[in-house]
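Thank you all for coming.

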Amino acid sequence: MVNKTETNDREGGDKKRRKTSVNESSPTKISREDLYANTIAFEEQEAAKRPPETDAQLFYGTCDELRKLFDEIAALKKDNSEEAKAAIAEKRIEGSLAFVALKKLNRLDKVRIRDGREALHKEKLRVDSNRLQLQNLLYEADHLKKEVQRCYLFKSQDEEIELVPVDEFYEKAPETISRPEKTKEDEHARRLARLEWELQQRKELDAHCKELQASKAKIAEEIVSKTERLDSLAPRLKDLLAATRPLQEALDMPIEKGWEIQKTVRLLVQPLYMLYANVTAYGEACDPLLTTSVQGDEEEARQIEITGNLDCESDDDADNERETRGSYNRRKSSKQQDPMRQKRKALVKPHPLSVTITIRSKEGKESLALTFQYVPNTGFVTVKCSLVDFEVSGVAAGDVMSQENILNELFPDDNGEGSPNPKTKFQIQEVGIGMDKFISMMKEKNLGKPYKWAQELCGIEFVDSGEKFLSDSDKWQKSIPTIIKAIRTRWEARLRLYQQVHELETGNVDITMNLEHNNPIRISSTLVQWTALSYAEYVASNVTGKFVDHINSAGNDLYFRAIITRGSAKLECYICIPCDFPESTPLWSLSLNWNGKHSAGDCAAVRDMEFWTNSLQAPKHPKSILSLQLKRAMSCLDIYLETEGPSYTPAEFTQDKTYLKPFRGRARSRPFRIASNGSSSVFTQI
């Protein structure tokens with residue numbers, strides 16, 4: 001605690017110092033800035049020298065002294081006398097000095113806090129610097145470890161070279177290369193010597209290879225010369241055979257041709273044999289444009305006829321010839337371990353011989369080849385289509401000639417997507433697959449599709465117990481002409497349809513004039529696009545709903561889209577061509593984009609346009625139905641725009657068609673129908 005004596009001594013000392021400083025500084029005048037700086041420096045030195053514990057005790061003592069002074073002043077104020085007032089003044093002076101002491105202690109404490117913070121900041125910087133150095137060292141150490149590991153894992157390219165064994169090297173290599181006195185003790189030198197010997201051997205082998213290639217080229221030239229000589233004999237032999245053919249024809253003995261064919265036909269299985277015999281007889285009697293032939297591996301068929309066994313070993317042997325001996329053994333062991341896989345392959349194994357029926361069109365050289373294959377384990381016949389002397393061009397037109405779908409729905413409910421034999425579902429259950437997997441396996445084997453009419457054509461009738469051959473010859477003989485005529489009709493219809501679609505796609509058809517009633521009417525609209533669509537795209541157009549419900553074979557029909565424009569108007573036409581075209585007429589669905597989007601569902605004019613376009617019948621115009629329907633749709637668009645256009649300002653379309661009334665009746669029907677008017681045509685309401 002600070003008593004009055006200490007306070008008086010301190011005040012006396014302060015007065016002496018002030019007097020001394022005044023006396024000392026009287027000769028020179030110190031500025032306020034220097035005085036403040038000197039004071040701050042003095043307090044910083046004093047804060048560094050004085051211990052904080054002593055200042056704390058002095059602080060607490062001064063605070064107690066102030067409390068005591070406050071109590072004494074309060075007691076003196078109660079005694080309102082002159083002596084009390086003099087004592088109060090003295091006490092106030094002592095309190096003021098105590099407050100000065102507290103302020104000094106406070107400044108010293110602030111200086112210590114500031115110095116502590118600066119010291120802490122310097123220590124943090126030092127720690128951060130040390131930590132950064134540590135991280136750099138750790139990163140460098142990790143990088144060095146990776147480099148060391150990379151060095152351990154390094155492999156030179158010479159390690160991939162298969163060198164001869166060391167014993168063989170010392171035995172065959174000359175001493176100038178092997179240098180046994182040095183290489184046997186130095187492994188690196190031995191490695192270099194072996195590499196040098198390998199290089200020399202490879203150079204010698206390369207020179208020998210070039211010699212063999214030169215010899216091979218010489219022998220190839222000799223083979224070519226001998227082949228040319230043999231080829232020159234072929235025309236002479238053909239001339240000789242041609243010279244004997246008149247004699248064969250005169251004697252009605254086609255021995256050469258008939259002998260070769262009969263030798264192969266005898267190897268056919270019974271369904272294909274009956275197919276070949278009956279279709280050949282029908283072609284010779286009724287259809288000269290129909291030909292039959294037999295293809296396949298005669299040697300394998302002869303082996304099957306001898307052994308009576310058909311397995312899938314031949315396919316595996318063909319695959320194994322492309323593999324090495326080791327891979328062959330692995331394949332063989334895997335087959336022995338997977339008998340279920342063998343059963344699945346045997347299920348779709350066809351007979352090695354097949355019968356091909358070629359149907360040539362009546363108007364050209366284009367032909368449709370039908371390849372019939374018999375699958376013994378399932379007991380049905382498959383058909384695969386191919387085009388002969390016909391090159392498909394165009395994307396949209398190519399869908400018309402799709403070889404996978406050209407014969408779908410030849411007869412109702414017969415698209416070849418399932419097995420006609422009832423026992424097949426039990427066979428595939430036994431091998432652990434479904435019908436979809438079975439069909440995909442047939443597609444992988446490129447077998448075609450097992451149509452029901454193909455079974456009838458081969459004389460196979462399926463019952464619950466399995467397949468049997470038709471015994472009713474009259475029924476069989478009636479079914480063959482029906483099926484052949486249906487195939488020819490479908491083929492020639494597709495040719496005509498292909499020609500129409502190809503002309504529309506390439507723009508080779510004249511659509512600038514409508515020649516109904518043999519009076520030309522100019523068409524102002526333009527066809528800008530003709531593309532093929534999928535069934536999903538056709539349904540997604542949202543204007544074909546009324547026709548989708550009536551489509552029986554959605555996956556087999558053909559779908560197209562035509563875009564017609566005139567000025568800012570655009571007419572989208574969605575066309576569905578049934579698979580039995582031209583028995584069924586193509587269906588057109590229209591969507592008009594002009595001043596909004598209009599369809600048959602919300603616009604009577606578009607509905608009338610669809611009706612007038614679909615009113616044409618395909619059986620009456622099988623060769624030009626699409627172009628006629630397109631011209632009707634384009635003429636309808638012109639009439640709609642020319643009758644509706646004057647209602648808008650400015651007028652975009654001018655009238656260039658002749659019609660009596662632009663509108664009629666409450667429905668305001670437009671003159672879409674073309675009627676003959678003597679030597680000209682006029683548009684009237686439907």
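Let me begin with a question: where is the place of A173? A173 sits in the loop between α5 (166-172) and α6 (175-178), where helices (H or I, at least four residues) and strands (E, at least two) are DSSP runs, numbered from the N terminus.

Residues are numbered from 1 along each chain as its sequence is written, and side-chain values use heavy atoms, with hydrogens and water left out.

Coming back to A173, this residue counts as buried because its relative accessibility is 7%; buried means under 20% relative accessible area, exposed over 50%, and partly exposed in between, with a 1.4 Å probe and protein chains only. Leaving aside neighbours within four places in sequence, A173 is in contact with E168, S178 and W197, contact meaning heavy atoms within 4.5 Å. A173 and E196 are 23 residues apart along the chain, and their C-alpha atoms are separated by 10.0 Å.

That leads us to W197, which lies in helix α8 (residues 187-250) and is also buried, at 9% relative accessibility. Again leaving aside neighbours within four places in sequence, W197 is in contact with V164, F169, K172, A173, P174 and I177. For W197 and P174, the separation is 23 residues in sequence and 8.8 Å in space, C-alpha to C-alpha.

Stepping back to the whole chain, there are 23 helices and 15 strands, and of the 686 residues, 37% are buried. If we take the contacts with a separation of 6 or more, 64% of them are between residues 24 or more positions apart.

Now to the helix packing. Two packed helices are described by the angle between their axes and the distance between the axes; here the axes are lines fitted to C-alpha atoms, for helices over the stretch in contact, and angles run from 0 to 180 degrees between N-to-C directions. Helix α3 (residues 52-78) packs with helix α4 (residues 82-153) at about 155°, the axes being 9 Å apart, so α3 and α4 are roughly antiparallel to each other. As for the cut-offs, angles under 35 degrees count as roughly parallel, over 145 as roughly antiparallel, 65 to 115 as roughly perpendicular and the rest as oblique. The residues of the contact of α3 with α4 divide into 17 nonpolar, two polar and seven charged, where Ala, Val, Leu, Ile, Met, Phe, Trp, Tyr, Cys and Pro count as nonpolar, Asp, Glu, Lys and Arg as charged, and the others, Gly among them, as polar.

Helix α2 (residues 32-49) also packs with α4, at an angle of about 75° and with the axes 9 Å apart, and α2 and α4 are therefore roughly perpendicular to each other. In this contact, E43, E44, E46 and A47 of α2 meet K104, R107, L108, V111, R112 and R114 of α4, which gives three nonpolar, no polar and seven charged residues.

Further along, the axes of helix α22 (residues 604-614) and helix α23 (residues 625-644) come within 9 Å and cross at roughly 155°, which means that α22 is roughly antiparallel to α23. Seven nonpolar, three polar and one charged residue make up the contact of α22 with α23.

Next, some backbone details. Most residues other than glycine have a negative phi, and most peptide bonds are trans. Which bond joins F581 and P582? A cis peptide bond does, with omega about 10°, and P582 is placed in the loop between β11 (569-577) and β12 (587-593). D389, although not a glycine, has a positive phi of about 55°, and D389 is exposed, at 61% relative accessibility. E409, likewise not a glycine, has a positive phi of about 55°, but E409 is buried, with a relative accessible area of 18%.

Finally, the confidence. The mean pLDDT of the chain is 82, and 87% of its residues reach 70 or more, pLDDT being the predictor's confidence in each residue, from 0 to 100. Over residues 312-335, however, the pLDDT is below 50, and beyond near neighbours in sequence this stretch has 20 contacts in the model. Where pLDDT is low, the predicted coordinates should not be read in detail.

Conventions
This is a predicted model: local features need pLDDT of at least 70, side-chain atom pairs count only at pLDDT 80 or more; totals for chains, interfaces and linings use all residues.
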